[in-house]
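Subject: Structure handover and notes

Dear colleague,

Please read them with the model open.

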Amino acid sequence: MKRDYLSLSKYLEFSLGKGGEVILKYFTLIWMVYACSFLFVSTTFAEVNVYKVAGELAFPPFSYMNQEEELTGISIELMERIAEETGMEFEFIPMDLRDAEEALKRGEIDAIAGMTYSVDKDRDFDFSTPYFTMSDSLVIPKDQARKIGGIEDLRGSHIVLQDQTTGLNTLMNLRNTNFTLVANQYNGLLMLLNKRADVFVGNKWTSAFFLNKYHLENQYVIHDIVLDPADYAIAVKEGNESLRSILDKTITDLKAKGEITHLIEKRVKPGNEAEIARLEHFITLLFIFLCIGAFVLIIIYLWNKRLKAAVDEQTKDLILLNADLRQQRQRTADSNAFKDQILNNIDTGIVTFDLHFSITSCNSRALNILELSSVSAYNLQQSPIFMKIVQDDNFKSDEEDIFRFLDITHQGKRKIIYYSLNKMYNSLENQAGYLLTMNDETEKKKLEQKLITQEKLRALGQLVAGVAHEIRNPLTSIKTFVDLIPRKYNQPAFQEMLMKHLPAEVDRLGGIVTDLIDYARPGQPNIQPCSAEELTSLLTFLQVTMNENNINFEEELGENLVFYIDPQQLRQVLLNLLFNAIHAVEQEEDKKIRMVMEKESDCSAKIQIIDNGQGMNQEELNHIFDPFYTTKDKGVGLGLTLSYNLVKENGGDIFVSSIPLKGTTFTIVLPIYQEEETRNEIQNSSH
């Protein structure tokens with residue numbers, strides 16, 4: 001090389017003179033850079049150790065021989081990426097898995113790419129971090145697809161599968177089943193295609209590859225099953241910690257970058273072939289440009305400063321991105337801590353399960369409800385309260401968003417728990433597990449019962465006070481007359497006053513007692529069909545009162561409207577409401593009362609009595625149906641109370657709405673008459 005260089009320099013000096021010297025200087029600089037690069041590369045590659053890596057011959061898409069008789073696949077491409085990242089050099093050797101394992105034990109090779117992990121193999125080899133996990137599938141003839149839907153349907157079948165498959169122990173537990181073990185999955189699939197077996201158990205992508213290759217994809221069906229998932233990793237000889245640690249670190253880095261996922265998707269998804277071709281074309285063009293760049297080092301030298309500035313700028317951007325990434329991680333950590341604080345401070349107990357009802361998480365409120373001190377699954381299973389919830393017949397019901405009620409006695413104390421079990425879904429809308437929410441309603445129920453008792457006592461006190469008030473007035477009058485009898489009995493004026501007022505006060509006492517008896521023990525209603533016309537026919541005498549008070553009274557009755565009620569009791573209710581309406585509009589200039597009867601649904605109708613009177617405020621509305629509550633000067637306060645009870649006895653309901661100075665509307669909802677068969681259907685559907 002030195003002699004050639006001297007000859008070239010003499011030729012340039014002779015031909016070009018001083019111009020040749022300038023060119024010679026630039027050429028000398030280029031030649032020196034090229035020589036140094038050559039020496040550096042030669043020295044570097046001389047120190048690289050070549051590792052022998054075995055791969056299976058027929059295990060697509062993980063490792064297999066392509067048309068160029070080269071070993072390729074996911075596992076091989078992963079090893080090539082590891083070589084690029086670490087500077088290591090691998091020699092790929094196609095072998096059967098059994099031969100590869102024996103060769104690795106003898107130290108003839110350094111690693112096996114794409115080997116499934118098992119406890120038995122772990123005694124002889126060291127495994128790297130797994131880069132893929134999946135379960136085997138069932139390959140069966142299409143005409144047998146309906147008969148075989150899972151593992152339990154394989155009894156009595158002839159099964160072929162690869163030796164040392166992770167699911168072999170599970171399949172061995174099936175009775176009346178024949179097995180054939182083969183060296184690789186290709187041989188097993190050939191036995192199925194040659195009708196020498198009923199079912200092939202193996203990798204679904206390997207099976208699909210060969211079925212497509214032989215154009216048999218329409219004659220066979222691949223069923224995914226849950227059968228002992230296997231981890232795919234790189235196996236090295238037992239004790240080779242240096243190589244295994246390098247593989248572990250590199251695989252972890254490639255996982256974090258998403259490159260392993262890309263390698264797998266590239267092989268699994270055929271739509272990426274065009275992208276791969278474009279990438280290969282790009283790499284070819286890039287290689288050509290790099291070769292050209294090797295001959296134009298002078299241009300690289302001139303652009304060195306600009307490139308350095310660009311690198312510095314990119315470095316600053318990377319620093320900013322790194323700082324932003326740290327901030328995002330901190331925000332994520334803060335968000336997770338915030339969510340944990342929310343879950344542990346809300347008043348609802350939350351327990352999550354996976355699809356097999358194994359507990360995955362539990363907040364502190366749930367532990368308090370279940371009376372536990374830790375979140376371990378063992379302790380949860382030991383909680384009597386939790387076990388009663390799990391054993392409840394409604395626990396695994398398909399109905400969602402329905403609270404179930406559980407009333408139990410634990411350690412001599414009553415506990416009332418409302419709980420709900422709902423399904424949880426992941427971002428792909430696939431069910432990922434279950435969510436159990438619990439609320440301890442014990443104290444709430446105690447407070448409700450206490451409030452009910454207090455309300456009963458308050459109503460009883462109000463009733464007693466009302467009775468005492470209403471009875472005291474006539475009793476006072478009677479006592480006054482009785483006290484005056486000895487002194488004024490012979491006076492005609494006194495006798496006339498006594499005969500006029502004393503019976504009236506006694507009748508008033510009798511009326512109060514009668515109303516109290518009707519309120520306490522209303523008579524059983526005589527339910528029968530009653531049309532709207534019949535119900536209002538006996539109310540015509542009120543028209544005289546309406547005319548005397550200049551009240552504009554309107555009736556709107558629905559056609560063919562027949563109620564199913566006690567007519568006598570409902571007439572009494574309507575009389576009470578109409579008298580109240582008349583009293584409400586006494587002070588108005590334009591007095592209006594409307595009574596509207598119309599159908600509301602297939603099984604009910606409503607009666608509305610609307611007036612434009614003084615109306616009522618909220619305080620009056622709160623006590624409108626209370627006994628002895630009245631706004632009239634001479635009222636007893638039992639009319640609306642009796643009306644409320646009578647409507648309830650007839651299977652209806654009553655509502656009131658009022659606006660001060662604008663009027664009041666009473667609405668009565670009552671059942672309508674239906675044929676016997678229709679009533680039975682409605683009752684059955686309600687049950």
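How many residues lie between β23 and β24 in the hairpin that they form? There are four residues between β23 and β24.

Before going further, please keep in mind that this is a predicted model, in which local features need pLDDT of at least 70 and side-chain atom pairs count only at pLDDT 80 or more, while totals for chains, interfaces and linings use all residues. Residues are numbered from 1 along each chain as its sequence is written, and side-chain values use heavy atoms, with hydrogens and water left out.

Strands

Helices (H or I, at least four residues) and strands (E, at least two) are DSSP runs numbered from the N terminus, and two strands pair if DSSP finds at least two bridges between them. Strand β23 (residues 591–599) is joined to β24 (residues 604–611) by seven bridges, and these two strands run antiparallel; here Met595 stands opposite Ile609 in β24. Strand β23 is also joined by seven bridges to β21 (residues 551–557), this time in a parallel arrangement, with Phe553 standing opposite Ile593 in β23.

Elsewhere, Ala432 lies in strand β19, which covers residues 431–440. The C-alpha atoms of Ala432 and Phe353 are separated by 8.8 Å, although the two residues are 79 residues apart along the chain. Ala432 counts as partly exposed at 39% relative accessibility, where buried means under 20% relative accessible area, exposed over 50%, and partly exposed in between (1.4 Å probe, protein chains only).

Aromatic rings

The structure holds 13 aromatic pairs, a pair being two rings of Phe, Tyr or Trp (its six-membered ring) whose centres lie within 6.5 Å, with planes under 30 degrees apart counted as stacked, over 60 as edge-to-face and the rest as tilted. The ring centres of Phe59 and Phe62 are 5.1 Å apart and their planes stand at 25 degrees, so this pair is stacked; Phe59 and Phe62 are both buried. Phe90 and Phe92 form a tilted pair, at 6.4 Å centre to centre and 50 degrees between the planes. In that pair Phe90 is buried, with a relative accessible area of 12%, whereas Phe92 counts as partly exposed at 23%. Phe59 and Phe62 also belong to one aromatic cluster with Phe132, Trp205 and Tyr232.

Salt bridges

Side chains of opposite charge can pair when their charged atoms come close. A search of the whole structure finds 19 salt bridges, each being a side-chain nitrogen of Lys or Arg within 4 Å of a carboxyl oxygen of Asp or Glu. One of them links Asp124 with Lys105, the closest N and O atoms being 3.7 Å apart. Asp124 lies in the loop between α5 (119–122) and β7 (125–127) and Lys105 in helix α4 (residues 97–106), so the pair ties together parts that are 19 residues apart in sequence. Asp124 is partly exposed at 36% relative accessibility, and Lys105 is partly exposed at 38%.

Arg106 forms a salt bridge with Glu108, with 2.9 Å between the closest N and O atoms; Arg106 is exposed at 51% relative accessible area, while Glu108 is partly exposed at 45%. The side chains of Glu441 and Lys444 meet in a further salt bridge, at 3.8 Å from N to O, and here Glu441 is buried at 15% whereas Lys444 is partly exposed at 47%. A network of salt bridges links Arg81, Glu84, Glu85, Lys257 and Glu259.

The annotated regions and a surface patch

An unreviewed UniProt entry lists residues 23–42 and 282–303 under "transmembrane region"; its positions are given in the numbering used here, feature names are shortened, and annotations may be inferred rather than shown by experiment. Over residues 282–303 the chain is 86% helix and 0% strand, with 24 Å between the end C-alpha atoms.

Leu285, Phe287, Ile288, Phe289 and Ile292 form a nonpolar patch on the surface, with about 520 Å² of accessible area together. Such a patch is made of residues with over 30% relative accessible area and no salt bridge, nonpolar side chains (Val, Leu, Ile, Met, Phe, Trp, Tyr) being joined within 5 Å, and the areas come from the Shrake-Rupley method with a 1.4 Å probe. Ile288 is found in helix α11 (residues 273–294) and counts as partly exposed at 42% relative accessibility.

Terms used
Patches are made of residues with over 30% relative accessible area and no salt bridge: like charges are joined within 9 Å, nonpolar side chains (Val, Leu, Ile, Met, Phe, Trp, Tyr) within 5 Å.
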